[in-house]
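Dear colleague,

Please read the text with the structure open beside it.

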Amino acid sequence: TPQVPAPTGLTATAGNAQVALNWTASTGATIYNIYESTTSGGPYSAVGTTTTTDYTVTGLANYITYYFVVTALDSYSESPQSNEVYAVPSEYTYSLGLMPIGIALDSSEDVWVVYAGGVGALNSGLRRGVGYQPYGIAIDSAENVWVTNAGSNTVTELNSSGTTIGNYNVGTGPEGIAIDALGNVWMANVGSNTITELNSSGITIGTYNVGTSPVGIAIDALGNVWVANLGSNTVTELNSSGTTTGTYPVGSGPYNIAIDISGNVWVTNVNANNVTELNSSGITIGTYSVGTQPKGIAIDSSGNVWVANWGANTVTELNSSGDTIGTYNVGSGPEEIAIDSSGNVWVTNYYSNSVSKLASATTGPEYFPYTGPQWPGGW
């Protein structure tokens, strides 16, 4: 009996009490069946049919994880199931662009998000193209927005209206970004194992060698630059002149960094499913378990540490001693975190093409050492 092939490329985007599904058409299909479950792998219940390649499932409960598959039908048979996807509906889920990664808030607490092909702000609705494969984001005292472009080896500077001020060459594959007390902009170049420092006009001050595949970067209250080296399982500390002052072992796959009010350095280890805490001298204070494949990290004004677990679709909250306070469901593939002054925790969800808001979840704003004109949020 002829059989139509299964739909492919199924994706899910959560909304308020609903989930929007999209998939690639199956050759010969005349109609599609949509199935839902609250358990991965089923059993599934049929929730609708459509002749198009998109469908919005409504009437769902917020903060519950739902799993979906789709099948295709022709005149003879029903196809096997598509890939399974999942999403967590919430009244605080926002769509901005495909594959969002970096996130930051400006002085008005508009939420700026880096997504595939551009950068945009949630409240104002502004959308702008930047370089190829944009990644990290930071905002300076003039509220100019700096975006690293991993695919074009540049950083783009835009003003608060989204007009491009300049595009500046840096190292290969820039991802993490931070701004120091002088307004100098530091980028981690994952492809060239270097850090580039620019002044506020985009002129290169220096390029400095660090460990293998540097990704995350943060600057402490003394102006020292801390870099997570994904490929060498280390953290490099540089002084404000770019001289290496220490290299410290951490867990497997260090990805991102945040610094607390005591000057302790917190590092997510994406391959080890944990977070390492170092003191300001680079000595390990502790290693704490979180969710699967932790990436983004932020510290609130109470000293609690928030971690985005990319592989578990959750956010873990730790206290300053590394004890787990809570675990919260978000979208699929959470990448980065920012915390506003009202204690709302904002999370970019790479695979579900959304931004989650954990409303009034903590005490804001996000803590940064006084490293200069960088608003809460971002790397």
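Ser360 lies in the segment after strand S35 (354-358), where strands, like helices, are DSSP runs numbered from the N terminus, a strand being a run of E of at least two residues and a helix a run of H or I of at least four. Ser360 has a positive phi of about 50 degrees although it is not a glycine, and at 58% relative accessibility it counts as exposed, the classes being buried under 20% relative accessible area, exposed over 50% and partly exposed in between, with a 1.4 Å probe and protein chains only.

Please bear in mind that this is a predicted model, in which local features need pLDDT of at least 70 and side-chain atom pairs count only at pLDDT 80 or more, while totals for chains, interfaces and linings use all residues. Residues are numbered from 1 along each chain as its sequence is written, and side-chain values use heavy atoms, with hydrogens and water left out.

Asn353, in the loop between strand S34 (345-349) and S35, also has a positive phi without being a glycine, with a value near 55 degrees. Is Asn353 buried or exposed? With a relative accessible area of 14%, Asn353 is buried.

Two peptide bonds deserve a look as well. The bond from Gly42 to Pro43 is cis, with omega near 10 degrees, and Pro43 sits in the loop between strand S3 (31-37) and strand S4 (45-50). Gly364 and Pro365 are likewise joined by a cis peptide bond, with omega about 0 degrees, and Pro365 is found in the segment after S35. For context, most residues other than glycine have a negative phi, and most peptide bonds are trans.

Asn353 comes up again in the lining of the second largest pocket, together with Leu10, Thr11, Ala12, Glu84, Val85, Tyr86, Leu98, Met99, Ser332, Tyr351 and Ser352. Pockets were found on a 1 Å grid over the protein atoms alone: a pocket is an open set of points with protein on both sides within 12 Å along at least five of seven lines, a cavity is a set where a 1.4 Å probe fits but cannot get out, and lining residues have an atom within 4 Å of a point. The volume of the second largest pocket is about 180 Å³, a volume being the space filled by probe spheres set on the points, with grid points joined across faces, edges and corners. Strand S1 (8-15) and strand S7 (85-87) each supply at least two residues of this lining, and S1 gives the most, with 3 residues. By class, the lining of the second largest pocket divides into 7 nonpolar, 4 polar and 1 charged, where Ala, Val, Leu, Ile, Met, Phe, Trp, Tyr, Cys and Pro count as nonpolar, Asp, Glu, Lys and Arg as charged, and the others, Gly among them, as polar.

The largest pocket holds about 220 Å³ of space. Its lining has 13 residues, of which Ile101, Gln133, Pro134, Tyr135 and Tyr350 lie nearest the centre, and these 13 comprise 10 nonpolar, 1 polar and 2 charged residues.

S13 pairs with strand S14 (residues 145-149) in the antiparallel sense over 4 bridges, and Val145 in S14 is the bridge partner of Ile139.

Another open sheet, also of 4 strands and antiparallel, has the order S25-S26-S27-S28. Its edges are strand S25 (254-259) and strand S28 (284-289), each with a single partner strand, so one side of each has no neighbour in the sheet, and the twist averages 20 degrees from one strand to the next. Strand S26 (residues 265-269) and strand S27 (residues 274-278) pair in the antiparallel sense over 5 bridges, with Thr268 opposite Val275 in S27.

Finally, Leu238 belongs to strand S23 (residues 234-238) and is buried, with a relative accessible area of 0%. Not counting residues up to four places away in sequence, Leu238 touches Ile195, Tyr208, Val210, Asn224, Val225, Thr243, Thr244 and Thr245, contact meaning heavy atoms within 4.5 Å.

With best regards

Technical notes: Pairing = 2+ DSSP bridges. Axes fitted to C-alpha atoms, helices over the stretch in contact; angles between N-to-C directions.
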